[in-house]
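Here's a quick briefing to read alongside the structure.

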Amino acid sequence: MRKPIVGGNWKMNRGTPNETVEMLESLIPQVEGIDSVDIVIATPFTVLTSAYKVLKNTDIKLGAQNMYYKDKGAYTGEISPQFLKEIGVEFVILGHSERRDIFKESDALINKKLKKALSMNLKTIVCIGEHLEERETGKAKDIIQYQINETFKDLSKEEMIKTVIAYEPIWAIGTGKTATPEQAEEIHMFIRDLLSLKFDKETADSIRIQYGGSIKPDNAEDLFNKNNIDGGLVGGASLQANSFFQIIEAADKSIR
Ligand code: PEP
């Protein structure tokens, strides 16, 4: 049985210490008692410390939205995984489509970051997904297969099991256009089959695959009820405690 995981990706949308503390202080009492779902909040780097102070005695895990693959050095503007660990970060999102598309991160770079994060015992949420044009021309599965092969290149079974995959069709991110539960489930099953071929069935069955792309309180339950969808990565709807809580609740219900 895979434990669902719901992650909030605040992107660059909520970034002052006050609003961070306010949102988290409102979320904490709402999720108290929900222990069947892993909850992660990935804030901008600048408020990770403020978030940590509020979250440290709770079950909500702190996440970062990116990192570099070196410990330290002349890498202006980058953040070391060591720095993240030192301030209490447990999870890091890697390969988000905005990193891939806007900042031109390649699968090879994401693979280096992933190996580094795993070597430092940081838990990872690795994003993959196709563009609209790729879906419309029937190439979605080819793209997913390529990303799985390259992003997870040379990972051991043990490393792979520690990795959460977020399937995020890029055409559904921030657009209000969600994949239907059937469209998402089809790709999640495809990913699990690929993992089974690359590793083995037991490994594939234990890896959590989240869906991401315009998840809202009113569509979360139908998505999470699908067998191969193990929670979600949430952008817009994670900015407000109430909507994020309703999505977490949907994940909680999906395993009952
Ligand atoms: C995301 O940023 O990973 C995401 C899925 O965003 P949204 O929920 O806003 O589509």
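Helix α1 (residues 17-31) packs against helix α12 (residues 241-254) at an angle of about 30°, and their axes are 9 Å apart. Keep in mind that this is a predicted model.

**Helices around α1**

- With angles under 35 degrees counting as roughly parallel, α1 and α12 are therefore roughly parallel to each other.
- As for handedness, α1 and α12 make a right-handed crossing.
- Helix α2 (residues 48-55) also pairs up with α1: the two axes come within 9 Å and cross at roughly 25°.
- That angle makes α1 roughly parallel to α2.
- Here, too, the handedness is worked out: α1 passes α2 in a right-handed crossing.

**The α7 and α9 pair**

- Now look at helix α7 (residues 140-151) and helix α9 (residues 181-198), whose axes come within 11 Å and cross at roughly 40°.
- Roughly parallel stops at angles under 35 degrees, and roughly perpendicular covers 65 to 115, so α7 and α9 are oblique to each other.
- The crossing in which α7 passes α9 is right-handed.

**Who surrounds the ligand**

- How many residues surround the ligand? There are 14 of them, and the closest are Lys11, Glu168, Gly174, Ser214 and Gly235.
- By residue type, the shell around the ligand splits into eight polar, four nonpolar and two charged residues.

**Polar contacts and burial**

- Lys11 puts a side-chain N or O atom 2.7 Å from an oxygen atom of the ligand.
- Glu168 likewise has an N or O atom in its side chain 2.7 Å from a ligand oxygen atom.
- For Asn9, a polar side-chain atom sits 3.4 Å from an oxygen atom of the ligand.
- How much of the ligand does the protein bury? On its own the ligand exposes 290 Å², and the protein buries 97% of that.

Methods. Residues are numbered from 1 along each chain as its sequence is written. This is a predicted model: local features need pLDDT of at least 70, side-chain atom pairs count only at pLDDT 80 or more; totals for chains, interfaces and linings use all residues. Side-chain values use heavy atoms; hydrogens and water are left out. A residue is near a molecule or strand if one of its heavy atoms lies within 4 Å of it. A polar contact is a pair of N or O atoms within 3.5 Å; within protein, one must be able to donate a hydrogen and the other to accept it, and residues adjacent in sequence count only if both atoms are side-chain atoms. Accessible areas come from the Shrake-Rupley method with a 1.4 Å probe; for residues, only the protein chains shown count as cover. Ala, Val, Leu, Ile, Met, Phe, Trp, Tyr, Cys and Pro count as nonpolar, Asp, Glu, Lys and Arg as charged, and the others, Gly among them, as polar. Axes are lines fitted to C-alpha atoms, for helices over the stretch in contact, and angles run from 0 to 180 degrees between N-to-C directions. Helices (H or I, at least four residues) and strands (E, at least two) are DSSP runs, numbered from the N terminus. Angles under 35 degrees count as roughly parallel, over 145 as roughly antiparallel, 65 to 115 as roughly perpendicular and the rest as oblique. A crossing is left-handed if the near helix is turned anticlockwise from the far one by less than a right angle, and right-handed if clockwise.
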